[in-house]
Every structure is written in C-alpha cells, then in structure tokens.
Amino acid sequence: MAASVGGKYLALSPHGAEDGFVKVRKRDLEKLTTEVMQLKEFLPRVLNRDLIEMLHKARAAHTVKEQLMQEQEQLTQECQHLQSRLDAVQTECQKEREEKLLLREQLWQSGVELQQQADFCSGLGSAACSLLWSCSSSEQTVTHWLADGKLQPFLVVAAQTLESFVGSLDEDVKSEDLNSQEHQFVLAVAGTITNIAAVTCGRDFLSSSAYVLLDTLMKLLELMKPGVFPKLKVLMLMALYNVSISLKGLKHLTENPGLLPLIWTLLEDGDWEVCLHSLRLLQSVLLEEEVLLLLGSSLLDSDLQARVNRFTCSAQPTLRLAAQQTLEDLESLQQVRKPQQV
C-alpha cells in the first residue's frame, strides 16, 4: 500500500499497521518537519480568541440567518394566503356592491310604483267618497245603508282613516296640502259621517252603536293644532252637533270629561267657522236639563263666558248671533243656579 507525501510516494506496511515502517526521503521529511513547525508557530497566531469568537458569531449569524429565512418564507406564505383571502373578499365585496346597487334601483323603482299606486288609490278614494258624500245627503240612502247593515263597517274604516290622517300631520302644514287628494278624501269621509248624523235613523245609530267613532272625533279635534285644516274640524264638529240632537248621543258626549275643555280650546282656534260650530255644540249642551245638572259648575266658569262674550263683537253675523244666544243661555243658567232668598 502506498501514500503520497510532498509529491513522493511512501511505502507503507502491507496491512497499514501503526507500528509499521515507512521509507521517506530525508529531504521530504525535513520539509514536512519544517512545515509542521511553521504551523505550530503560526497557527496559534491565526487561531486566536478573536477569530474563534468571530467564527462562533459567524455560525450564530448563519443560524439566525437560516431562522430569519425560514420566518421570511413562512411570512411569505402567510402573506400569499392573506392576499388570496383579500382577493376573495374584494371579489365578494364587489359582488355585494353590485347587488346592493341593483337592490337600490329595484327599491327606488318599487317606491315610484308604490307612490303611483298610493296616488291612484287616493284619487279613487277621494272620488268614491265624494260620491258617497253626495249620496249621503239623501235620507232614503242612509236608511237603505242601515237596512243592508253596511254602515257599521264603513264607520270603523272611517274612524281609522281620520285617525291615520291626523296622526300623519307634520308640525308645519303647508297651505297647498289643503287641495291634496288625501285631504279631499278625509273631507268626504267626515262629510259623509256628518250627513249620516243629520238623518234621524243615522243619528240614533251613531248614538247607540258608534261610541268609538264619536270618541275618536273628539280626540282628533283635541290633537289638531289651531288653524290646521279648519274645514275638517268644522265637519267633525257638525257631526258631533248632529249626534247631540239625540238625547242618548248628547249623554254619551257629555260623559266624556274632555268635552268642555275641547270646546274651550276650539273657541281659541282662530277660524271663525270652527268657533261658530263650537258655540253651536255648546248651545246644544245648554239646552238639556240633565246635562246642566251634570256640568252646571263647569258651565258657570267666568272664563267660558268671557270667551263667548268676545264673539258678540265679531264681524261675522252668524258667529255674532250664535255668541249672543250662547251668552244669554249661560246667563240664564247662572240666574237659575243662584240661591233664592226670602
């Protein structure tokens, strides 16, 4: 077996034993010895503590670098995953946005169609109730309605319609709203009720079977602000006055504790027709002795007489006359209620 040393071949023992002999040239051995001595001399200078520390730091830096590369690879994968999710979410968002725009367009179109239908229904209701209002002026028609049993359902719908209309009024009611189809519709409903109450059979029916409607009329008159829809107020007051002609109807109205406060409030409405029909309703109350016994103390209030007295100087003849008559009735009631002395 042979080995090469310094470019020369050395003869080794056949089995490579440690105690074998090697035949080397003296010059090569000296050269090898010199190189070993040089390594022993210079190696400690090269492999000093700083170099060893630097090697350790280099190995540590290499390890950190590998860890950072692994973390970077992991972060890259996570970023790619998040980017994929972002792309999916953006695609879904765009899809939802397009659907939202489509739904908004459909909603707008539905709103337009609904408004058209509402306008059509309002126009149809206004025209139908105007015809109904005209027909209700005939006593025979009202009698026929009662005979057919169609009046009660109508009164229920009428009460709901009036209540819904008054509940939808804004704080500031524009004058142009007075000519709207909805306003004409509720005027026709109120006018029909007034005409029904003007007929004896209709008045008796309202006095015995339409308490909810009568209470609703008083409640709505209380809710409506001064100067708002005076024609509607007048029609409702006329309906209450017509019902008060019936003793049973008058009894029901006066049993409502809000009747007199309502009349007091309406006397301050500002519209002369509203004030006129409020006075006429008050006159109807003053004509019944049983009612006077129930409300006598309230009717003797000096503030009520003062409010009525103001209308005796009104420029409207009918209002002035009604105020004078009402004031006379109040004064007569006051005379009757005074204690007699012997």
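Predicted model: local features only at pLDDT ≥ 70, side-chain atom pairs only at ≥ 80, totals over all residues.

Trainee: At roughly what angle do the axes of helix 8 and helix 9 cross?

Mentor: Axes are lines fitted to C-alpha atoms, for helices over the stretch in contact, and angles run from 0 to 180 degrees between N-to-C directions. Helices (H or I, at least four residues) and strands (E, at least two) are DSSP runs, numbered from the N terminus. Here the axes of helix 8 (residues 230-244) and helix 9 (residues 247-254) cross at roughly 120 degrees and come within 6 Å.

Trainee: Which residues make the contact?

Mentor: Contact means heavy atoms within 4.5 Å. Helix 8 contributes L240, V243 and S244, and helix 9 contributes G249, L250 and L253.

Trainee: Which helix does S207 belong to, and is S207 buried or exposed?

Mentor: Buried means under 20% relative accessible area, exposed over 50%, partly exposed in between (1.4 Å probe, protein chains only). S207 lies in helix 6 and counts as buried because its relative accessibility is 1%. Neighbours within four places in sequence aside, S207 touches V243, S246, K248 and G249. Of these, V243 and G249 also take part in the contact between helix 8 and helix 9.

Trainee: How does helix 6 lie against helix 3?

Mentor: The axes of helix 3 (residues 139-148) and helix 6 (residues 200-209) come within 8 Å and cross at roughly 45 degrees. Helix 3 is therefore oblique to helix 6. V142, T143 and L146 of helix 3 meet C201, G202 and F205 of helix 6.

Trainee: Which residues touch the most other members of the largest nonpolar core?

Mentor: A nonpolar core is a set of buried Ala, Val, Leu, Ile, Met, Phe, Trp, Tyr and Cys residues joined through side-chain atoms within 4.5 Å. The largest has 66 residues, and L155, L162, L232 and V308 touch the most other members. Not counting residues up to four places away in sequence, L162 touches V186, V189, A190, I193, L217, L220 and L232.

How values were computed:
Residues numbered from 1 in each chain as written. Heavy atoms only, no water. Parallel < 35°, antiparallel > 145°, perpendicular 65-115°, else oblique.
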